[in-house]
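Let's work through a few exercises together. Have the sequence and the 3D view open as you go.

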Amino acid sequence: MKTLAEFQSLYRLPLPELLFRAAEVHRQHHDPADIQRCVLLSIKTGGCPEDCGYCAQSARFKTGVEATPLMRLDEVREKATRAKELGASRFCMGTAWRDVKDGQQFDEVLAMVRSVRALGMEACVTLGMLTDKQAERLADAGLTAYNHNLDTSREYYPKIISTRTYDDRLRTLQSVQNAGIAVCCGGIIGMGESEDDRLRLLVELANLETVPESVPINCLTPIKGTPLEDAEPVDSIELVRLIATARLGFPMARVRLSAGRDRMSRELQVLCFMAGANSIFFGDKLLTASNPSAEGDAELFRAMGLPEPCVSVP
Ligand code: SAM
Ligand code: DTB
Ligand code: SF4
């Protein structure tokens with residue numbers, strides 16, 4: 001059983017010591033030159049019944065995001081092919097759903113998963129809450145990972161979302177694990193939570209039956225019209241400390257520097273990679289929010305002396 005005190009004692013180390021330890025553990029388990037590039041696609045945008053206070057896609061807030069129907073399979077296949085050409089090895093698809101309903105749309109999503117896998121890429125989806133049976137069907141389709149974030153600590157969660165509970169989230173994570181699918185689960189920082197809330201999230205993840213293979217750390221992208229539109233940006237040293245602590249807490253996992261990179265300097269991103277982050281979202285768009293340009297990221301990789309993504313494919 002991991003405790004808050006354990007995570008605090010790492011998080012509060014002098015920064016050079018914390019960074020050194022995290023880099024050491026990172027090297028023991030990963031090639032530090034291997035920063036995975038993932039491409040994200042919103043296959044069903046907006047109109048969501050949930051009230052997540054950060055989200056552009058909740059129907060409850062006037063964010064200017066229009067609800068669209070589920071994307072067509074051939075369009076998704078085309079985007080995934082393009083992502084592969086750009087050097088992405090993982091393709092992640094998201095829907096603005098509270099939960100999965102059995103029927104034609106879910107069947108379509110299963111076909112999308114199969115077609116991404118047929119391209120030789122890892123496939124990840126985030127569709128909201130799932131039943132055991134639905135998780136099994138995703139596993140049969142070859143899904144690599146399911147993204148379902150706990151977002152924050154159990155204590156802070158009700159301040160952000162009222163339409164579902166922390167335990168609802170945990171139940172879906174259990175279904176995913178039962179089906180043998182890798183769990184991608186992390187959170188968002190910069191929603192007004194304390195540093196201890198961020199660590200409590202890590203404690204929660206560390207105490208899951210199986211620890212997640214993938215831990216996305218998102219910095220809130222403030223969306224106009226949401227209750228969190230005026231949230232203060234995350235302190236950069238706090239971000240680096242959290243990434244390093246996540247690396248130490250989850251030595252084998254991919255720690256993903258996810259949303260919010262477009263407000264980060266190159267230097268801050270490099271610090272995050274040195275602290276153990278080893279994945280980014282690549283391409284101009286996240287789900288609805290912007291991301292650094294592919295060209296900008298290619299330049300960042302060049303400056304770091306790492307293999308560059310190819311951005312010149314027509
Ligand atoms: N509807 C599904 C769900 O909530 O599980 C899947 C899509 S949802 C948009 C996926 C994740 O994106 C959320 O759990 C949240 O962690 C992250 N996210 C959403 N809006 C964000 C924002 N404005 N800034 C940072 N992360 C965000
Ligand atoms: C995750 O942890 N971050 C991604 C992915 N999982 C689905 C989503 C980021 C969303 C950023 C806000 C937007 O694009 O609307
Ligand atoms: Fe809906 Fe997911 Fe956005 Fe919450 S985070 S409002 S569930 S799309």
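How much space lies in the second largest cavity? About 30 Å³. Before going on, note that this is a predicted model, where local features need pLDDT of at least 70, side-chain atom pairs count only at pLDDT 80 or more, and totals for chains, interfaces and linings use all residues. Residues are numbered from 1 along each chain as its sequence is written, chains are lettered from A and ligands numbered from 1 in the order in which they are written, and side-chain values use heavy atoms, with hydrogens and water left out.

**Exercise 1.** Find what lines the second largest cavity.

*Solution.* 
- Step one: a cavity is a set of points on a 1 Å grid over the protein atoms alone where a 1.4 Å probe fits but cannot get out, and lining residues have an atom within 4 Å of a point.
- Step two: pick out G187, I188, I189, R198, L201, L202, I217 and L242, which line this cavity.
- Step three: β6 (187-189) and α8 each give two or more of those residues.
- Step four: sort the lining into 6 nonpolar, 1 polar and 1 charged. Here Ala, Val, Leu, Ile, Met, Phe, Trp, Tyr, Cys and Pro count as nonpolar, Asp, Glu, Lys and Arg as charged, and the others, Gly among them, as polar.

**Exercise 2.** Now describe the largest cavity.

*Solution.* 
- Step one: the whole structure has 2 cavities of 30 Å³ or more, and about 910 Å³ of space lies in the largest.
- Step two: its lining has 43 residues, with Y54, C55, Q57, N149 and L287 nearest the centre.
- Step three: by class, that lining holds 22 nonpolar, 14 polar and 7 charged residues.

**Exercise 3.** Work out how helix α8 sits against helix α9.

*Solution.* 
- Step one: α8 (residues 195-206) and α9 (residues 236-249) pack at about 20°, their axes 11 Å apart.
- Step two: so α8 is roughly parallel to α9 (angles under 35 degrees count as roughly parallel, over 145 as roughly antiparallel, 65 to 115 as roughly perpendicular and the rest as oblique).
- Step three: E195, R198, L199 and L202 of α8 meet E238, L242, T245 and A246 of α9, contact being heavy atoms within 4.5 Å.

Methods
Axes fitted to C-alpha atoms, helices over the stretch in contact; angles between N-to-C directions. Helix = DSSP H or I, 4+ residues; strand = E, 2+ residues; numbered from the N terminus. 1 Å grid on protein atoms, 1.4 Å probe; cavity = no way out; pocket = protein on both sides within 12 Å on 5 of 7 lines; lining within 4 Å. Points joined across faces, edges and corners; volume = space filled by probe spheres on them.
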